[in-house]
Amino acid sequence: MMPRFFRRAAVSVLCAASFVLATPVWAEDPPDVQVKNVSAEVLAIVREDKGIAAGDMRHAVELIDAKVSPHFNFTRMAALAVGRDWRAATPEQKTALTAEFRALLVRSYSNALNRFKELQIVVKPLRMEANADEVIVRTEVRQPGKAADTVDYSLEKKDGQWKVYDVSVAGVSLISSYRDSFGQEIKASGIDGLIKSLKAKNSKNSESDAASGNSAKK
Amino acid sequence: MRARQVWAAVGALVLAKTVWAQAEPVSDPIEPVNRVVFGFNNRLDRYLMKPVAQGYVAAVPTSARVGVSNFFGNFGDVPTAFNNLLQGKVGAAASDVGRILVNSTVGILGFIDVASEVGLNKHKEDFGLTLGHWGVGAGPYMVLPLLGPSTLRDTVALPVDYAVGVQRAVTQEVAVRNAMTGLQLVSVRADLLGLDQTLEEAALGDDTYALVRSLYVQRRNNLVNGGAPPRHDDDLDDPESPHNQAKSAPLAPATAPTPESSPEKKESP
């Protein structure tokens, strides 16, 4: 009798334990914690990368890309920036647009981080409903001797993971800022023209990353 | 006297017709002219303002530069207080007056921003934002020589802030006034160093015109609305949005009224 009880108890405990262990409870931090961690990590990259000290941004850009990309929904960002014309694009065009837009954003972001390295990022506490699937994480970026700027991340929950689909600096949405230029380009030379412009821009930027053209020392 | 009143009335009517007819997005009817002025401003910046500002940064220690920035910022708090009052934001106006008093006395003529330490934070209001607060639409985008991006409303508003500003009262001597203005320009430009390169990298293609226009107009709209976060009304159409992917199209129309009906859309009456 007793051993049977113990055996059953042991089995239930094992079942419970395996259930808990199987659910990746730790994989998904709340979005504000994720923003905080990733921000700290990219700042560390920019401050410590030896390549940057020598004037070459490329390695740092790769690291930053690897670090932030899992947390961004670049497809949706590209779709929002392109607007109505997105529906008319072919899947290949969509892929190309997403890839080029991502390269543009990551590179500009990395360069900006490098230029303003002494900044301090403070993540505001987040109040969020339990089953919300869209949230805005507000942060403040402080530079010594200047007023703080607000940077807000709009995140959505996709397949159980939080991903950024827009960033607003001082209230100005990144996606909306690009809509104008993208719209003009599409009107002038269609979606392929836009892809070509983005590609040209990206290769130009990566050339100046390699050369020590990034010496905008304050 | 009568002629002036007539002109004022005509001016007001023209303003009303143009601005109240506007709806977002950006209206830029004189784009070719704007682009010329924009190019001029950029060249002036590249060959004069930026090098001078870089020299300023190199020659003057950070603490002194912060002091200069605070000194001019203190003057800026006067039109800010005035405009907060005009917008009915009495608390904010009182805070601004508090800032001016504290910084001018304890902060030694404004060089030290004591007020921010004490929790009286800096606001940024001007008559263009006051007009916006009262419902005046921004009007067409304009690039002003030297002053840069603006809109019709914000340009018309400039003289009001100038009239309210006390900087002119500091001294009657033209030479000193010019030196002060010069220093202020350099100080402001120094604070913005690095941003022009960031803009150039972020812009599509070689020219930053469209991006600057977008940024400026959005920023002004947000300031009028007290910094409201972005509303993505477009993504009701957005096929990539998880909202729209989850919904089956005919039963749950994506354009159902959501709490996202943006308060910042200025509907033309």
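Q: How many helices and strands are there in chain B?
A: Chain B has 11 helices and 2 strands. Helices (H or I, at least four residues) and strands (E, at least two) are DSSP runs, numbered from the N terminus. Along the sequence, the pattern in chain B reads α-α-α-α-α-α-β-β-α-α-α-α-α. This is a predicted model, in which local features need pLDDT of at least 70 and side-chain atom pairs count only at pLDDT 80 or more, while totals for chains, interfaces and linings use all residues. Residues are numbered from 1 along each chain as its sequence is written, chains are lettered from A and ligands numbered from 1 in the order in which they are written, and side-chain values use heavy atoms, with hydrogens and water left out.

Q: What percentage of the residues in chain B is buried?
A: Buried means under 20% relative accessible area, exposed over 50%, and partly exposed in between (1.4 Å probe, protein chains only). Of the 269 residues in chain B, 40% are buried.

Q: Which parts of chain A does the pair R76(A) and E134(A) link?
A: The closest N and O atoms of R76(A) and E134(A) are 3.7 Å apart, a salt bridge. R76(A) belongs to helix 5 (residues 74–82) of chain A and E134(A) to strand 2 (residues 134–142) of chain A, so distant parts of the chain, 58 residues apart, are linked. R76(A) is buried at 0% relative accessibility, and E134(A) is partly exposed at 23%.

Q: Where do D65(A) and R102(A) lie?
A: Their side chains form a salt bridge at 2.9 Å, N to O. D65(A) is in helix 4 (residues 58–68) of chain A and R102(A) in helix 6 (residues 91–115) of chain A, 37 residues apart. R102(A) has 30% relative accessibility and counts as partly exposed.

Q: Which parts of chain B do K89(B) and E125(B) tie together?
A: K89(B) and E125(B) form a salt bridge, with the closest N and O atoms 3.5 Å apart. K89(B) is in the loop between helix 3 (62–86) and helix 4 (90–105) of chain B, and E125(B) is in the loop between helix 5 (114–117) and helix 6 (127–133) of chain B, so the pair ties together parts that are 36 residues apart in sequence. K89(B) is partly exposed at 28%, whereas E125(B) is buried at 12%.

Q: Which residues join into one network through salt bridges that share partners?
A: The network consists of D180(A), D28(B), E31(B), R35(B) and R213(B).

Q: At what angle do helix 6 and helix 7 of chain A pack?
A: Two packed helices are described by the angle between their axes and the distance between the axes. Axes are lines fitted to C-alpha atoms, for helices over the stretch in contact, and angles run from 0 to 180 degrees between N-to-C directions. Helix 6 of chain A packs against helix 7 (residues 174–210) of chain A at about 60°, with the axes 9 Å apart. That makes helix 6 of chain A oblique to helix 7 of chain A; angles under 35 degrees count as roughly parallel, over 145 as roughly antiparallel, 65 to 115 as roughly perpendicular and the rest as oblique.

Technical notes. A salt bridge is a side-chain nitrogen of Lys or Arg within 4 Å of a carboxyl oxygen of Asp or Glu.
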